[in-house]
Amino acid sequence: MKSYYSKPTLTRNISSQALNNLELYKNAYDLIKSKPGNMTPGTDGKTLDGISIKKITKLRDAVINWEYKCNPTKRIYIPKANGKLRPLGIPSIMDKILQVVIKMLIEPKCEEIFHPNSFGFRPKRSVHHALLEVRSMMGITWMIEGDIKGYFDNIDHQLLAKLITERLNPDRTIMGLI
């Protein structure tokens, strides 16, 4: 399979050294603490209410010492407008914090390589931005909107890991956490 992208250099684009920074974990906590959905307990039964600096420090130490073990994700189903149910995974609180930490580390590098006309699940972009982009296009007479059923349930994780390694070039600690 031919790659459309150049091979990574020997330097790491994303280093795990930032994982030593306790402020990164505090910032991650601050980003999720006020969102109501993050008060839903995961499989460990805990919520953000009981989080202290001591627990955040313990999380950081476990991550940098390769001792952190992710918890199973709680699966619930929420109703959709069409009457069907959509599966939703609820991670434990510590897993949520760590996920935000990893997102904070890799997102800037992802933004460098994403196509400017890519709008899904990106910061400061939405479906409204995509519609504005389409509206500015000349000569468009029709458009097809689609949705890949079960995309996130069926994505090839080995292929995704290979692409992350090739394009983002994280060190082994970051890749192990991903």
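Colleague: Which residue is the bridge partner of R75 in strand 2?

Modeller: In this predicted model, R75 has G89 of strand 2 as its bridge partner.

Colleague: In which sense do strand 1 and strand 2 pair, and over how many bridges?

Modeller: Strand 1, residues 74–79, and strand 2, residues 85–90, pair in the antiparallel sense over 6 bridges.

Colleague: And which residue in that hairpin takes a positive phi?

Modeller: G83 does, with phi near 90 degrees; the hairpin has 5 residues between the strands.

Colleague: Changing topic, where is M104?

Modeller: M104 lies in helix 3, which spans residues 93–113.

Colleague: Why does M104 count as partly exposed?

Modeller: Its relative accessibility is 27%, and partly exposed covers the range between the buried limit of under 20% and the exposed limit of over 50%.

Colleague: Which residues is M104 in contact with, leaving aside neighbours within four places in sequence?

Modeller: M104 is then in contact with L24, N27, A28 and L31. As for D49, which is 55 residues apart from M104 along the chain, the C-alpha atoms of the two are separated by 22 Å.

Colleague: How many residues of helix 4 are buried?

Modeller: The count is 0 among the 9 residues of helix 4, residues 127–135, so this helix is hardly covered.

Colleague: Finally, is I148 buried or exposed?

Modeller: I148 is exposed, at 57% relative accessible area. It is found in the loop between helix 4 and helix 5. Together with F121, Y151 and F152, I148 makes a nonpolar surface patch of about 530 Å².

Conventions. Residues numbered from 1 in each chain as written. Predicted model: local features only at pLDDT ≥ 70, side-chain atom pairs only at ≥ 80, totals over all residues. Heavy atoms only, no water. Helix = DSSP H or I, 4+ residues; strand = E, 2+ residues; numbered from the N terminus. Buried < 20%, exposed > 50% of the residue type's maximum accessible area, 1.4 Å probe, protein only. Contact = heavy atoms within 4.5 Å. Patch = residues over 30% accessible without salt bridge, like charges linked within 9 Å, V, L, I, M, F, W, Y side chains within 5 Å. Areas by Shrake-Rupley, 256 points an atom, 1.4 Å probe, with all protein chains shown as cover. Salt bridge = Lys/Arg side-chain N within 4 Å of Asp/Glu carboxyl O. Pairing = 2+ DSSP bridges.
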